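Here's a quick tour of one protein chain, from the overall fold down to a single residue. Have the viewer open while you read.

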Amino acid sequence: MSNTLTEQNRHQARKAYTPDLGEFLSQCEVNYLLLNQLIPELFGDLSQKLTGEADEKWVLNARALELKFVLVETARYTTTLDLFIHSPKIELLKTEKLIIRLYHDAQMLEVMEGSGPGALKAIYEQSPGSHKTVDEKRQVNRFIGECLRACHEANQAKVANSAG
């Protein structure tokens, strides 16, 4: 019995990771919608609302989190932003820089580059000494969703407190 379980575990370990495209796209759509609610001036007719200058920035705060978005580039259907994630209350968390792109026609937000050089790949090969997980891109997009959700909840709490 234990030999059969061990063989099944080995087979599963060798089985290649297959990304769940539906889950990934859903996360990108949710991230886009959350950011749209938090920073509406990034959306709609961008030519009217943004000057396109590199110094435009927006800061969102949650209890132990600060997100700073800096405009990099605007185009007809996309907006590219640098995203700096900082936790002033957690000294061990260094400031992370990500490059994100908003696809306005598809209403999606995707993390293009993470910490370290180069674009994030959909799948990474696992090798000894590798610092990235197999599903790094999915995890980073999910993390951005969690950060945006925390900022959204903090924003909702501020609105509720000011009304009451």
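Starting at the N terminus, the elements of the protein chain come in the order α-α-α-β-β-β-β-β-α. That makes four helices and five strands. Keep in mind that this is a predicted model.

Some whole-chain numbers before zooming in:

| Property of the protein chain | Value |
|---|---|
| Buried share of the 164 residues | 34% |
| Accessible surface | about 10,600 Å² |
| Share of that surface from carbon and sulfur atoms | 52% |
| Mean pLDDT | 76 |
| Residues with pLDDT of at least 70 | 62% |

As for how the chain folds back on itself, take the contacts with a separation of 6 or more: 41% of them link residues 24 or more positions apart.

Confidence isn't even along the chain. Helix H2 has the highest mean pLDDT, 94, while helix H3 (residues 46-49) sits lowest with a mean of 54. Then there's the stretch at residues 117-124, where the pLDDT falls below 50; in the model this stretch still has 22 contacts beyond near neighbours in sequence.

Now for a residue in H2. Glu-29 belongs to that helix, which spans residues 21-38. Is Glu-29 buried, partly exposed or exposed? Its relative accessible area is 37%, and because that value lies between the 20% and 50% cut-offs, Glu-29 counts as partly exposed.

Which residues does Glu-29 touch, once neighbours within four places in sequence are set aside? Gln-107 and Met-108 are its contacts. Glu-29 also pairs up in space with Leu-109: the two are 80 residues apart in sequence, yet their C-alpha atoms are 6.4 Å apart.

Note on methods. Residues are numbered from 1 along each chain as its sequence is written. This is a predicted model: local features need pLDDT of at least 70, side-chain atom pairs count only at pLDDT 80 or more; totals for chains, interfaces and linings use all residues. Side-chain values use heavy atoms; hydrogens and water are left out. Helices (H or I, at least four residues) and strands (E, at least two) are DSSP runs, numbered from the N terminus. Buried means under 20% relative accessible area, exposed over 50%, partly exposed in between (1.4 Å probe, protein chains only). Contact means heavy atoms within 4.5 Å. Accessible areas come from the Shrake-Rupley method with a 1.4 Å probe; for residues, only the protein chains shown count as cover. pLDDT is the predictor's confidence in each residue, from 0 to 100.
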